[in-house]
Amino acid sequence: MRTYLVGGAVRDKLLRRPVVDHDHVVVGATPDDLLALGYKPVGKDFPVFLHPQTNEEYALARTERKTGRGYHGFAFQADPSVTLEQDLARRDLTINAIAEDEHGVLADPFHGVRDIEQRVLRHVSSAFVEDPVRLLRVARFAARFAPLGFNVADETMALMQKMVRDGEVDHLVPERVWQETRKALAEPRPSAFLQVLRESGALAVLFPEIDALYGVPQRAEFHPEIDTGIHLEMVLDMAARIAPGNDLVGFCALTHDLGKALTPADVLPRHIGHEQAGIAPLRQLSARLRVPTDYAALAEQVCREHLNAHRALELKPATVLRLLSALDALRRPERLDVFLAACEADKRGRLGHENDNYPQADYLRAARAAAAGIGAAAFVAQGLQGPEVGAALEKARVAAIAGVKSSVR
């Protein structure tokens, strides 16, 4: 029985990145061997165990064989005869197919160390095409490692394109698409996720509402980058810069401009009413991918209200209060923070505007604090009742916001 550190832990050590998860593979053992040593079984589809002291994952070396379509169409074999190289061969990318023994000696049968040095995301074998989730994983790894100079190998991209042509990605379950997307939106360069999916052809299949934005022109005086798809990529990367690791901000940024794909050709490059037009495709995308309700709801608010955020300093105090109320920001200030991060990313996600200031955020936060500081108790104490309390409360909050506005002029 031999144990090896494998996968992301080895990869990240070689990249001198923090190692989060320590996964191990066990060669030459049976489930009974690990149970006898006190390991706790947790795997449903194949034998995975938790170490009795460290709680780290130990999986028996295994092979896999394609038996049907999609992510679940596999049969696994795990027994003492499976070698380390056979186990590594079933992994997606060479950089994830490196093992390290207890002495720090690397096993690298597929030249993952070389690909780390050359900054290449390359498939391990032709079996890559058998699992459509791998296409999403490559795109997600591109979003993580693009800042380090990583690119997808040409031959790997060719396989991904084949997977799309063969309809393999059509069998991806919504939950897994959302899971990988959510992770990608929390990476340092989410634009690479879209770029890889688009080049492979998968973006049009999985995210047609987003794919439709590419090639749609915008007014050059406001958007020097012109192309709405390029603007979206810039917004995503700016969101990752403003709110690192926040996938909720990322999803709001991803879906804020979907209405621009629906602008009639005779209106272009203007996009009148694109905020309202974007709600229907956003709801369609959220329903198809089974996006969590709180994500979908806040993304709708960003889609509908992002232009109001941009012109916040020109809005009437009563309009600002309505905006804050629509966000439920008086009770839940964290929603305003997400909303403003996405809106700021939109404003700064434009060619030549990356370092612009966004004073609207400070104003709306101050307006929110002023309005939230006024409660109903004082009006009830004055003897007001029912609708009178609500009317007085709204009037006082509007006045408080007006005071904030006069102080920022």
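The model is predicted, so to speak of local features we need pLDDT of at least 70, side-chain atom pairs count only at pLDDT 80 or more, and totals for chains, interfaces and linings use all residues. Residues are numbered from 1 along each chain as its sequence is written, and side-chain values use heavy atoms, leaving out hydrogens and water.

**Exercise 1.** Find the order of the seven strands in the open sheet.

*Solution.* Strands (E, at least two residues) and helices (H or I, at least four) are DSSP runs, numbered from the N terminus. Two strands pair if DSSP finds at least two bridges between them.

- Step 1: E1 (residues 2–6) runs antiparallel to E2 (residues 23–27), with five bridges; Thr3 faces Val26 there.
- Step 2: E1 also runs antiparallel to E8 (residues 99–100), through two bridges, and Leu5 stands opposite Glu100.
- Step 3: E3 (40–41) and E9 (106–107) are the edge strands, each pairing on one side only.

**Exercise 2.** Check the span of helix H18 (residues 359–372), then find where its buried residues lie.

*Solution.* 

- Step 1: The expected span is 1.5 Å times one less than the number of residues. For the 14 residues of H18 this gives 20 Å, which agrees with the 20 Å between its end C-alpha atoms.
- Step 2: Buried (under 20% relative accessible area, 1.4 Å probe, protein chains only) residues of H18 include Tyr363, Leu364 and Arg368.
- Step 3: Down the axis, the buried residues fall within an arc of 165 degrees, so they line one face of H18. The arc uses directions from the helix axis to the C-beta atoms.

How values were computed:
Buried means under 20% relative accessible area, exposed over 50%, partly exposed in between (1.4 Å probe, protein chains only).
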